[in-house]
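Open the model in your viewer and keep the selection tool at hand.

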Amino acid sequence: MGSHLYGMTYAVRSSESSQVLTIHSTAKWDAHFDALKQTNKLMVIDFTASWCGPCKLMDPVIQKFAEKYTDVEFVKIDVDELMEVSQKFQVQAMPTFMLIKKGKVADKVVGVKKEELQRLIEQHRKQGK
């Protein structure tokens, strides 16, 4: 599961049954992002941090969304681990959820806003199918 280099895993599912991909290297992120850009698949990036309380509140919500919306790619990025990626997306608060379609930001949700995030996921996954 994921690429191994010196005993470190760079992209892993949060658990064996999880649909959320956690990315731990910029190279892995770039490859994943470039591959998804070629498709019409919606990607939801969860910008998070290990010390962020509101992020922990959203974890089970994102897991449920990933189970429900199997046609959507859910990716988790720790802002402290992949600082350059979070800077590229101008993430300034956590949690921040970026909805990406064909390599472009389609929408963004900042904070613990389950209903708004769900509404936007449903809206964007239907577009362009």
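Helices here are DSSP runs of H or I with at least four residues, numbered from the N terminus. His-124 is found in one such run, helix H4. The model is a predicted one.

Select residues 114-126 to show H4. This helix has 13 residues and reaches 19 Å from its first C-alpha to its last, close to the 18 Å expected at 1.5 Å a residue.

Next, show the side chains of Leu-117, Leu-120, Ile-121 and His-124, which are buried in H4. These residues cover an arc of only 105° around the axis, which puts them on the same side of H4. An α-helix has 3.6 residues a turn, so residues three or four places apart point the same way. Now turn to the face of H4 that points away from the buried side: Glu-115 and Lys-126 are the exposed residues there.

Center on His-124. Its relative accessible area is 6%, so His-124 counts as buried, the cut-off being under 20%. Beyond its neighbours within four places in sequence, His-124 is in contact with Leu-42, Leu-99, Lys-101, Ala-106 and Asp-107.

Finally, select H2 together with H4. Their axes are 11 Å apart and the packing angle is about 25°, so the two helices are roughly parallel to each other. From H2, Met-58, Val-61, Ile-62, Phe-65 and Lys-68 make the contact; from H4, Lys-114, Leu-117, Gln-118, Ile-121 and Glu-122 do. The crossing of H2 past H4 is right-handed.

Conventions
Residues are numbered from 1 along each chain as its sequence is written. This is a predicted model: local features need pLDDT of at least 70, side-chain atom pairs count only at pLDDT 80 or more; totals for chains, interfaces and linings use all residues. Side-chain values use heavy atoms; hydrogens and water are left out. The expected span of a helix is 1.5 Å times one less than its number of residues. Buried means under 20% relative accessible area, exposed over 50%, partly exposed in between (1.4 Å probe, protein chains only). The arc is that of the directions from the helix axis to the C-beta atoms. Contact means heavy atoms within 4.5 Å. Axes are lines fitted to C-alpha atoms, for helices over the stretch in contact, and angles run from 0 to 180 degrees between N-to-C directions. Angles under 35 degrees count as roughly parallel, over 145 as roughly antiparallel, 65 to 115 as roughly perpendicular and the rest as oblique. A crossing is left-handed if the near helix is turned anticlockwise from the far one by less than a right angle, and right-handed if clockwise.
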